Amino acid sequence: MAKNTLSSRFRKVDIDEYDENKFVDEQEEAAEQQGPDEAEVDSLIRQYPLREQDTLQKKKQQLIKSLNWDNMAAFHAALRNPPINTKNQAVKERAQGIVLKVLTSFRSSEIEQAVKSLDKNSVDLLMKYIYKGFEKPSDNSSAILLQWHEKAFAVGGLGSIVRVLTARKTV
Amino acid sequence: MSYYNFLLEPISCHAWNKDRTQIAICPNNHEVHIYKKEGGDKWSKIHELKEHNGQVTGIDWAPESNRIVTCGTDRNAYVWTLKGNVWRPTLVILRINRAARCVKWSPKENKFAVGSGSRLISICYFEQENDWWVCKHIKKPIRSTVLSLDWHPNNVLLAAGSCDFKCRIFSAYIKEVEEKPSPTPWGSKMPFGELMFESSGTDGWVHSICFSGSGGRVAWVSHDSTVAVATGSKNTVISSLRSETLPLLGVTFITENSLVAAGHDCYPMLYVYDEGKGTITFGGKLDIPKQNAQRGMTARERFQNLDKKASSETEKATLESVHKNSISQISILEGDKSKCRKFCTTGMDGGMTIWDVKTLESSMKDLKII
């Protein structure tokens with residue numbers, strides 16, 4: 001009865017796109033950000049004896065004293081080179097996958113020690129990955145992420161969560 | 001430390017008069033109320049300034065000339081002068097099309113600056129020939145609302161913190177009212193509107209900004225829970241600290257090296273800046289909590305806690321700080337930014353607290369204010 005016969009296409013226009021005062025972030029130079037090195041992280045997770053051919057293992061020989069250290073080194077490697085500046089979604093997905101893999105490989109009792117070994121910036125970065133992991137929950141990820149969240153929160157406090165929310169460039 | 005609760009509504013902004021016997025506050029509406037200190041802990045309302053049509057967002061009281069400037073969301077600013085026993089307003093046309101957010105008299109009180117949502121700062125000065133307040137705009141390169149302002153002691157440089165995540169220092173030199181300023185660590189050429197410094201690396205809105213007593217340093221707090229200090233020089237270095245607290249809303253220098261900041265965590269905190277190392281460190285929480293008697297928990301309560309909250313701790317759910325809601329503004333009461341003896345905080349709980357630096361120093365063991 002009251003069918004609208006006039007065109008309502010104008011309602012679908014996103015006027016914010018045409019606003020000349022629209023705020024656009026500055027484009028920072030996107031460095032070569034490939035995300036954490038998957039091979040490196042994989043090799044460190046698997047707990048087999050040191051191989052001489054593996055140059056990365058050679059560098060970390062002093063650090064890796066027991067099998068437990070493999071996890072720590074993998075953890076640190078996974079948190080290096082975060083794909084913050086790049087707009088490539090594939091790189092970001094890949095990085096998220098790597099970090100999630102490392103986080104799940106930790107035993108519950110080791111989480112606290114791992115978080116304590118991080119510096120402030122890395123705690124913030126860890127929080128960013130944790131919240132990104134919350135966005136797409138898979139079978140067991142939420143429970144593990146929540147344990148990591150509790151420990152990271154104890155170190156980073158509410159400030160680290162606020163920084164996840166206010167970050168302009170996220171992982 | 002004394003706490004006085006003015007109202008149940010948040011105090012939007014406040015300003016003190018020269019001898020600190022009167023305080024002008026905005027009780028979260030279109031008016032400004034002036035309270036006078038009676039003996040002891042009593043305050044009585046002596047004036048009500050009603051002229052604004054929108055919420056009053058900024059008040060500043062010029063100590064020497066005894067004028068009050070207010071700005072509000074009705075896009076206007078008024079300069080109030082005391083005639084006899086009545087405050088009379090004079091309208092200032094700011095030529096903005098969004099709300100005004102903050103206002104500050106310059107140190108010499110011959111001009112004031114208004115930050116607004118129109119992405120610009122209005123610098124207003126009095127023109128004698130026309131008997132009228134005139135304003136000039138600083139527009140570039142501000143890209144969002146200006147939330148906070150602070151003047152440099154030389155009456156020319158103005159620091160502005162805004163919602164485009166940057167803190168900037170502009171020159172607000174008006175040749176009609178003053179002479180050319182001498183060079184400062186922030187630069188030597190200062191034509192009107194010149195950008196002397198722009199910060200980078202913050203991810204949140206800059207809520208509050210403050211010059212140090214000498215003007216050589218500027219500190220700001222932003223919504224990503226960081227505190228940052230920059231020291232002016234040829235290559236300005238910015239030091240920042242990521243805190244574990246909720247975002248801070250107000251900051252002020254109390255000595256050249258120490259800052260007091262407060263915000264959504266409802267208590268003021270001390271930060272110490274070390275220029276040599278370029279670091280800011282957390283100095284301590286400045287609230288003296290009351291010693292509450294620890295009530296033992298019954299077994300039933302413990303089990304209920306475990307059931308409902310999955311925790312068997314005996315933490316209470318009440319705030320232990322003096323302010324029961326976020327602190328929105330800090331102002332210096334006694335002393336100045338290089339040596340402050342008392343400062344005052346007002347917040348969204350409608351309360352005002354006066355903090356004494358000496359008492360805080362003596363009551364907190366590790367507190368060092370250098």
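Q: Why is B:C210 called buried in this predicted model?
A: Buried means a relative accessible area under 20%, exposed means over 50% and partly exposed lies in between, with a 1.4 Å probe and protein chains only as cover. The relative accessibility of B:C210 is 4%, which is under the limit, so B:C210 counts as buried. This is a predicted model, in which local features need pLDDT of at least 70 and side-chain atom pairs count only at pLDDT 80 or more, while totals for chains, interfaces and linings use all residues; side-chain values use heavy atoms, with hydrogens and water left out. Residues are numbered from 1 along each chain as its sequence is written, and chains are lettered from A and ligands numbered from 1 in the order in which they are written.

Q: Why is B:C266 called buried, and where does it lie?
A: The relative accessible area of B:C266 is 6%, so this residue is buried. B:C266 lies in the loop between β23 (258-263) and β24 (269-274) of chain B, where strands (E, at least two residues) and helices (H or I, at least four) are DSSP runs numbered from the N terminus. Although B:C266 is not a glycine, its phi is positive, at about 70°.

Q: Why does B:N28 count as partly exposed?
A: Its relative accessibility is 30%, so B:N28 falls in the partly exposed class. B:N28 sits in the loop between β3 (22-25) and β4 (31-37) of chain B, and its phi is near 60°, a positive value in a residue other than glycine.

Q: What makes B:M348 partly exposed, and which residues does it touch?
A: With 32% relative accessibility, B:M348 counts as partly exposed; its place is the loop between β27 (339-347) and β28 (351-356) of chain B. Contact means heavy atoms within 4.5 Å, and, leaving aside residues up to four places away in sequence, B:M348 touches B:E9, B:P10, B:L249, B:N325 and B:S326.

Q: Why is helix α1 (residues 299-309) of chain B said to lie largely in the open?
A: Of its eleven residues, the number buried is one, which is why this helix lies largely in the open. The residue that follows α1(B) is B:A310, whose phi is positive, near 60°.

Q: What makes a set of residues a nonpolar core, and which members touch the most others in the largest one?
A: A nonpolar core is a set of buried Ala, Val, Leu, Ile, Met, Phe, Trp, Tyr and Cys residues joined through side-chain atoms within 4.5 Å. The largest such core has 32 residues, of which A:F75, A:F106, A:L126 and A:W148 touch the most other members. Elements of chain A that give two or more residues to this core include α1 (38-45), α3 (68-78) and α7 (141-166). Not counting residues up to four places away in sequence, A:W148 touches several residues, among them A:F75, A:F106 and A:L126.
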